Amino acid sequence: MKRRNFACAPGCSVEVTLDLIDGKWKGVILYHLQDGRLRFGELRRRMPGITQRMLTKQLRALEDDDLITREVFAEVPPRVEYALSETGERLRPVIDALRRWGEEHRARQQQLAPRAAEPPSDAAEAQPA
């Protein structure tokens, strides 16, 4: 359940932001919508690990929080497009910072991975247990 009472101590502003983009998918959806308007199916193709039900749920939550807009076109079949709202656009630097941090972290982990996979050196094996 979302926390809506943010009358709290310093650090609370971080809590407010995290409350809006919490979970596995909201930040990813916001990232993809930075490219412009996308239809439901396009979002789904960009995120193969998400179920239709979860994508629908996350889009509704983002719309309720005024981070995205949903436009329905009167066509048969109906066409629905999602885009960042003005509020969502203001999150662009946050999402970009998360992406950059993730890329740098993954690169550091990949640099450390070969060392962790190396067999122990002879010196370590020679020490008594």
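Me: Which residue follows α4, and what makes its phi stand out?

Reply: Asp66 comes after α4, and its phi is positive, near 60°. Asp66 is not glycine. Most residues other than glycine have a negative phi. This is a predicted model, in which local features need pLDDT of at least 70, side-chain atom pairs count only at pLDDT 80 or more, and totals for chains, interfaces and linings use all residues. Numbering starts from 1 along each chain as its sequence is written, and side-chain values rest on heavy atoms, without hydrogens or water.

Me: Why is Asp66 called partly exposed?

Reply: Its relative accessible area is 41%. Buried means under 20%, exposed means over 50%, and partly exposed is the range in between (1.4 Å probe, protein chains only). Asp66 therefore counts as partly exposed. It sits in the loop between α4 and β2.

Me: What does Leu67 touch?

Reply: Contact means heavy atoms within 4.5 Å. Beyond four places in sequence, Leu67 touches several residues, among them Leu20, Leu30, Leu62, Ala83 and Leu91. Leu20 is 47 residues away along the chain, yet the two C-alpha atoms are 8.5 Å apart.

Me: What makes residues 52-64 a helix of the expected span?

Reply: Helices are DSSP runs of H or I with at least four residues; strands are runs of E with at least two; both are numbered from the N terminus. α4 has 13 residues. The expected span is 1.5 Å times one less than the number of residues. α4 reaches 18 Å from first C-alpha to last, close to the 18 Å expected.

Me: How do you know which face of α4 is buried?

Reply: Its buried residues are Leu55, Gln58, Leu59, Ala61 and Leu62. Down the axis of α4 they fall within an arc of 160°, so they line one face. The arc is taken from the directions that run from the helix axis to the C-beta atoms. An α-helix has 3.6 residues a turn, so residues three or four places apart point the same way. The face turned away from the buried side carries exposed Arg53, Lys57, Arg60 and Asp64.

Me: Which elements do the buried residues of α4 pack against?

Reply: They pack against α1 (12-20), α2 (26-33), α3 (40-46), β2 (68-73) and β3 (79-84).

Me: What are the buried residues of α2, and where do they lie around its axis?

Reply: Lys26, Ile29, Leu30, His32 and Leu33 are buried in α2. They cover an arc of only 165° around the axis, which puts them on the same side of α2.

Me: What makes the Arg79 and Glu81 pair a polar contact?

Reply: A polar contact is a pair of N or O atoms within 3.5 Å; within protein, one must be able to donate a hydrogen and the other to accept it, and sequence neighbours count only if both atoms are side-chain atoms. The side chains of Arg79 and Glu81 are joined at 2.8 Å. The side chain of Arg79 also makes a polar contact with that of Glu75, at 2.9 Å. Arg79 lies in strand β3.

Me: How do you know that Arg79 lies over the face of Phe73?

Reply: The test asks for NZ of Lys or CZ of Arg within 6 Å of the ring centre and within 35 degrees of the ring normal. Arg79 lies over the face of Phe73, 3.8 Å from the ring centre.

Me: What is the peptide bond from Val76 to Pro77, cis or trans?

Reply: That bond is cis, with omega near -5°. Most peptide bonds are trans. Pro77 lies in the loop between β2 and β3.

Me: How many helices and strands does the protein have, and what share of it is buried?

Reply: There are 7 helices and 3 strands. From the N terminus they run α-α-β-α-α-β-β-α-α-α. Buried residues make up 25% of the 129 residues.
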